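Here is a walk through one protein model, one spot at a time. Have the sequence and the 3D view open as you read.

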Amino acid sequence: DNKARVVAAFGISQSCETMQDFEIVEEVVEAAAALVRNLSAEDGEIRMMCEEAVPPILKAMRTHRKAPAVHKQGNAALCNLCIDVGNKSLALDLDGKAIILRSIDMFHRNPEIASFALAAL
């Protein structure tokens, strides 16, 4: 299990770097957020180690305001990450609440985005 945690933490770290390096490429950001979402869902200990994932996800959602796929994966990743109180506080400190609420407002007709966004709050 420790090996899986190390691999997941490394994958999340690499995904965060990718989101920062290719922040203007919507498809890359979406795929990186999806990987964070999937890896962070595996284990509670992984979520606690993922504070580095919150800022690039919020930045991607801010940068790609009108991209439903980015908001779907971003909100889903935040939903997983923000189960940990420290990550939730970090997200809120980084204007995450406003970004998530804007996501709900823009994509309120998309039940997946809305449900992930509400769960992230």
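## A histidine and two backbone oxygens

Let's start with a polar atom of the His71 side chain, which sits 3.2 Å from the backbone oxygen of Met61. The backbone oxygen of Arg65 is also close by the numbers, with 3.3 Å between it and a polar atom of the His71 side chain. For reference, a polar contact is a pair of N or O atoms within 3.5 Å; within protein, one must be able to donate a hydrogen and the other to accept it, and residues adjacent in sequence count only if both atoms are side-chain atoms.

A word on ground rules: this is a predicted model, where local features need pLDDT of at least 70 and side-chain atom pairs count only at pLDDT 80 or more, while totals for chains, interfaces and linings use all residues. Residues are numbered from 1 along each chain as its sequence is written, and side-chain values use heavy atoms, with hydrogens and water left out.

## Where His71 sits

Is His71 buried or exposed? His71 counts as buried because its relative accessibility is 3%; the cut-offs are under 20% relative accessible area for buried, over 50% for exposed and partly exposed in between, with a 1.4 Å probe and protein chains only. His71 belongs to helix H5, which covers residues 68–81. Helices here are DSSP runs of H or I with at least four residues (strands are E runs of at least two), numbered from the N terminus.

Not counting residues up to four places away in sequence, His71 touches Met61, His64, Arg65, Ser103, Phe107 and Ile113. Contact means heavy atoms within 4.5 Å.

## Two salt bridges

How many salt bridges does the model have? The count is two, taking a salt bridge as a side-chain nitrogen of Lys or Arg within 4 Å of a carboxyl oxygen of Asp or Glu. As background, side chains of opposite charge can pair when their charged atoms come close.

One of the bridges joins Lys59 to Glu23, with 3.0 Å between the closest N and O atoms. That pair links distant parts of the chain, 36 residues apart: Lys59 is in helix H4, and Glu23 is in the loop between H1 and helix H2 (26–40). Lys59 is partly exposed at 38% relative accessibility, and Glu23 is partly exposed at 26%.

The other bridge joins Lys72 to Glu112, where the closest N and O atoms are 3.2 Å apart. This pair also links distant parts of the chain, from Lys72 in helix H5 to Glu112 in helix H8 (residues 111–120), 40 residues apart. Lys72 counts as partly exposed at 23% relative accessibility, and Glu112 counts as partly exposed at 40%.

## The cavity

The structure has one cavity of 30 Å³ or more, and the largest cavity has a volume of about 40 Å³. On a 1 Å grid over the protein atoms alone, a cavity is a set of points where a 1.4 Å probe fits but cannot get out, and lining residues have an atom within 4 Å of a point. Grid points are joined across faces, edges and corners, and the volume is the space filled by probe spheres set on the points.

Which residues line the largest cavity? They are Met19, Gln20, Glu23, Val29, Pro56, Lys59 and Ala60. Helix H1 (2–21) and helix H4 (54–63) each supply at least two of the lining residues, and H4 gives the largest share, with three. Sorted by class, the lining has four nonpolar, one polar and two charged residues. Here Ala, Val, Leu, Ile, Met, Phe, Trp, Tyr, Cys and Pro are nonpolar, Asp, Glu, Lys and Arg are charged, and the others, Gly among them, are polar.

## The loop between H6 and H7

Asp95 is worth a look: its phi is positive, about 65°, although it is not a glycine. Most residues other than glycine have a negative phi. Asp95 lies in the loop between helix H6 (85–93) and helix H7 (96–106), and is partly exposed at 40% relative accessible area.

Leu94 lies in that loop between H6 and H7 too, and counts as partly exposed at 33% relative accessibility. Leaving aside neighbours within four places in sequence, Leu94 is in contact with Val54, Pro55, Leu58, Arg62 and Ile99.

Note on methods
1 Å grid on protein atoms, 1.4 Å probe; cavity = no way out; pocket = protein on both sides within 12 Å on 5 of 7 lines; lining within 4 Å.
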